Amino acid sequence: MNSLRLARSRPGPAFTVTFDGREIEALPGWTVAAALWAAGITSWRTTRHEGRPRGILCGIGVCFDCLVTVNDRPNQRACLVPARPGDVIRTQEGTGHAD
Amino acid sequence: MSERLTCDVVVVGAGMVGAACALYAARAGLDVALVDRGPVAGGTTGAGEGNLLVSDKEPGPELQLALFSLGLWAELAKELGPAVEYEAKGGVVVAAAPEGLTALGDFAAGQRAAGVTTVEVAADRLHDVEPYLAPGLAGGVLYPQDCQVMPALAAAHLVRASGARLLSGRTVTEVLRTPRGTVLGVRTDRGVIHAPAVVNAAGTWGGELAATAGVRLPVLPRRGFVLVTEPLPRRVRHKVYAADYVADVASDSAALHTSPVVEGTAAGPVLIGASRERVGFDRSFSLPAVRALAAGATRLFPFLERVRAMRSYLGFRPYLPDHLPAIGADPRVPGLFHACGHEGAGIGLAPGTGHLIARLLSGGVPELDLAPFRPERFEREAR
């Protein structure tokens, strides 16, 4: 069953964000992580030393595993940052800072 | 429980110092039990930066212990180096103004005479050493011997290497003594452990443990915050701090003191310290302390202004009134040994402390004169 219907939620109209250039849909109130998950994306960062995939672990802002680059700003916790119309979300490699 | 609850020595406290005591005691052939009410590195060890410093120490017994300990760390690094993120990266102390630089130069000259390697860095060479430092500083001193480890990993690996029986999640409630006052072992919330020797490596809580043995050891908590940035490429190469840090470490004031201490880590985040205040075991967040840390760090490294701080943590340094640890046998309670009160230097001083304690436990002569660290030295002032 659709979880929105289950919770009798009636969110505002959907909007679009992009992930690595691809358009995905999000609903008001979703975090970046929620939007990515809803689009079937579970990994959006690679680890600094071994390049391993990372996504959500704790989901509540504690573990810093879900770091992602949003609107050119790296190291944001996807599980805490609200998704906003037009957000440009990109896979974060390593520290997310060029050097 | 089928566990044999008798051993040669009980080490109380599974922080860095307890882990080092367990390691060297085990290597001296003793059967060791390591007991902690929490997990390994659950207290001050897990709340520090992992500094192994000589740069902040004036000539004297603590510096001698630090130099001895650094040699042992270098040996441990050969066994465990990458696993504990050991980095012989060096420290850089900078002075903002010419007067500060003169004082720093004098301080370094004294350290040099005591066996510390120091390299003066002129103002126009500072950026060769640390490219992202603020412009306009008066100069600095490079201390190549300063190192860093990741303290929680270091404690855990030392415990593992020791082979000691680790009893975590078990609280020692009393040091047990015979009617004549000699140590019999410890009582815990889950039974008694018999041993003829007990090592108090309970850090900031060492005073409480000593009290259960009927002796006074005035360890007080000195709170410090560390601010953690987002992970960055290596931009801060050394441990870098302002010359006034040394004065803050030596201060006796209870009020908030902060002086910027900035360092990169193997994992990427930059750690920013250091604050000191005596507020008991208050774990609440302090915006004034953390704000002062951020301001001080951006004065040293302006690029940090555009870097996000991700979190902060705090810990309680075990502070004794004369800023020296308590290391050695307690003549008031035969069989009780203390290895606590290392303030903010416990990670660096741990192997030396553990080595000295192991020597005492096995009846040998310690490599250093332990008189300055005598645990009963505060008796007189109490009366």
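**View 1. Pairing of B:Val199 with B:Phe337 in a predicted model.** B:Val199 has B:Phe337 as its bridge partner in β19(B). Strands β12 (residues 197–200) and β19 (residues 336–340) of chain B run parallel and are joined by three bridges; strands are DSSP runs (E, at least two residues) numbered from the N terminus, as are helices (H or I, at least four). The model is predicted, with local features requiring pLDDT of at least 70 and side-chain atom pairs counted only at pLDDT 80 or more, whereas totals for chains, interfaces and linings use all residues. Residues are numbered from 1 along each chain as its sequence is written, while chains are lettered from A and ligands numbered from 1 in the order in which they are written.

**View 2. The open sheet of chain B.** Six strands with mixed pairing follow the order β8-β2-β1-β12-β19-β18; two strands pair if DSSP finds at least two bridges between them. Strands β8 (165–168) and β18 (326–329) of chain B form the edges, each pairing on one side only. Neighbouring strands are turned by 20° against each other on average, direction ignored.

**View 3. Packing of helices α2 and α9 of chain B.** Helix α2 (residues 61–80) and helix α9 (residues 346–361) pack at about 95°, with axes 7 Å apart; axes are lines fitted to C-alpha atoms over the stretch in contact, and angles run from 0 to 180 degrees between N-to-C directions. The helices α2(B) and α9(B) are therefore roughly perpendicular (65 to 115 degrees). Among the residues that meet are B:Phe68 and B:Trp73 of α2(B) and B:Pro351 and B:His355 of α9(B); contact requires C-beta atoms, placed from the backbone, within 7 Å.

Note on methods:
Angles under 35 degrees count as roughly parallel, over 145 as roughly antiparallel, 65 to 115 as roughly perpendicular and the rest as oblique. Two residues are in contact if their C-beta atoms, placed from the backbone, lie within 7 Å.
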